[in-house]
Amino acid sequence: MDGHAAHATNATLNNSMTECQGRTEQILEGLPAEQAVHTSVAVIVPCHNEAAAIAQVVQEFQRNLPIALIYVYDNGSTDNTAQIARDNGAIVRSEPLLGKGNVVRRMFADVDADIYVMVDGDGTYDAAAARGLVERLIRDGLDMVNCARVPVVEGVYRPGHRFGNRILTGLVARVFGKRLGDMLSGYRVMSRRFVKSFPALSTGFEIETEITVHALELRAPIAEMSAPYFERPQGSASKLRTIGDGLRILRLIAHLVKEERPLQLFSAIFATLLVISLALGVPVVMQFLATGLVGRLPTAVLAMGLMILAFLNLFCGLVLDTVTRGRRELKRLVYLAARRSPERPE
């Protein structure tokens, strides 16, 4: 980059930072005056080898959210993703630990803003929808607005991904509540309060599932809006593995069920063991009552062992449910302690 280009880039960044830090402008020109708020907006973009798309992503968000700072987090790219993003005016930082979850954890910890627009750097999401998503977050006093993907052409959404998304979203909806239709979308707008209360424990593509379950467990005010979903630009390839990452997401869901719904999980195990124990033990008891003899001693021992295991699972579920309730109350208090911004207009 020559001296003139570097000077222009630095001037652009300084002007944007002054604008956001000073909070002297409305968030969006289209908002009614009574809903005008002074706030800062950060577009956070996790990237791994997205040189073919990152320039377009940065430019489109600069055009559609001119008051926002664009943060591109390079996750061990082997191409020139970071340099291209920097040349186009983005603030570029790096996270050496590979995995989208690791990048999101770093972004949430490092970036300080009132509104966070999280989007993938592959150019498949509609930057023009960002204004509407942010407006909805502010107008309705929400903590998260999820962007459900609507493919613009046939085949842009691989059948395996579509099927897996439906199965996993349906499973989460059944266990934790149905409030979102596209749980795995990488395009979301979130409030500071939500971001700073989110622990971000996942390491890979299961991070979207963790974010969704966190919102559902907090019973945070959330909403969903639809937007076009485009094909990747030529030269860009998806990093999502349909089977491998699908299994990781499924494993995370099972873990979250154990952590957040222990009584339901262990009660189901209790009921299963109880039925098996009764099926094995009742004939033995009936024979004993009729003859005074235990003709199938191994079956009687097995039935008794299963009954003991059944009640152990029930008591484990009761104890863990009490612990989970305490953890849920603590998470709620942390969530409430975080600064609520932007303020909901009166």
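## The model and its overall make-up

The structure is a predicted model, in which local features need pLDDT of at least 70 and side-chain atom pairs count only at pLDDT 80 or more, whereas totals for chains, interfaces and linings use all residues. Residues are numbered from 1 along each chain as its sequence is written, and side-chain values use heavy atoms, with hydrogens and water left out.

The secondary structure of the protein chain comes to 11 helices and seven strands, where helices (H or I, at least four residues) and strands (E, at least two) are DSSP runs numbered from the N terminus. Of the 346 residues in the chain, 47% are buried; buried means under 20% relative accessible area, exposed means over 50%, and partly exposed lies in between, with a 1.4 Å probe and protein chains only. Among contacts (heavy atoms within 4.5 Å) between residues at least 6 apart in sequence, 77% join residues at least 24 apart.

## The seven-stranded sheet

Strands of a sheet pair through backbone hydrogen bonds, either parallel or antiparallel. Here seven strands form an open sheet with mixed pairing, in the order E3-E2-E1-E4-E6-E5-E7, and two strands are taken to pair if DSSP finds at least two bridges between them. Strand E3 (91–94) and strand E7 (222–229) each have a single partner strand and stand at the edges, so one side of each is left without a neighbour in the sheet. From one strand to the next, the twist averages 20°; axes are lines fitted to C-alpha atoms, for helices over the stretch in contact, and angles run from 0 to 180 degrees between N-to-C directions.

Strand E5 (residues 144–151) pairs with strand E6 (residues 188–191) in the antiparallel sense over three bridges, and within this pair Asn-146 stands opposite Arg-188 in E6. Helix H8 (residues 207–218) packs on the sheet, where it touches strand E4 (115–118), E5, E6 and E7, and its direction makes about 45° with that of E6.

Strand E1 is largely enclosed by the rest of the structure, because seven of its seven residues are buried. Val-41, Val-43, Val-45 and Cys-47 point one way from E1, while Ala-42, Ile-44 and Pro-46 point the other way.

E1 pairs with E4 in the parallel sense over four bridges, and six bridges join E1 to strand E2 (residues 69–74), which also runs parallel to E1. Ile-44 takes part on both sides: its bridge partner in E4 is Met-118, and in E2 it stands opposite Tyr-71.

In helix H5 (residues 130–139), the buried residues are Ala-130, Leu-133, Val-134, Glu-135, Leu-137 and Ile-138, and they pack against H2, E4, E5, E6 and E7. After H5 comes Gly-141, whose phi is positive, near 60°.

The axes of helix H10 (residues 262–291) and helix H11 (residues 297–337) come within 8 Å and cross at roughly 165°. H10 and H11 are therefore roughly antiparallel to each other, a term for angles over 145 degrees, while those under 35 count as roughly parallel, 65 to 115 as roughly perpendicular and the rest as oblique. H10 passes H11 in a left-handed crossing, meaning that the near helix is turned anticlockwise from the far one by less than a right angle, whereas clockwise would be right-handed. The residues of this contact divide into 23 nonpolar, seven polar and one charged, with Ala, Val, Leu, Ile, Met, Phe, Trp, Tyr, Cys and Pro counted as nonpolar, Asp, Glu, Lys and Arg as charged, and the others, Gly among them, as polar.

## Some single residues

Asn-49 has a positive phi of about 55° although it is not a glycine; it is placed in the loop between strand E1 (41–47) and helix H2 (54–64), and at 22% relative accessibility it counts as partly exposed. Ala-200, also a residue other than glycine, has a positive phi near 55° and lies in the loop between helix H7 (192–196) and H8, but Ala-200 is buried, with a relative accessible area of 2%.

Thr-324 is found in helix H11 and is buried, with a relative accessible area of 4%. Leaving aside its neighbours within four places in sequence, Thr-324 is in contact with Glu-259, Glu-260 and Pro-262. Arg-251, in helix H9 (residues 242–260), is exposed, with a relative accessible area of 54%. The C-alpha atoms of Arg-251 and Glu-206 are separated by 9.3 Å, and these residues are 45 residues apart along the chain.
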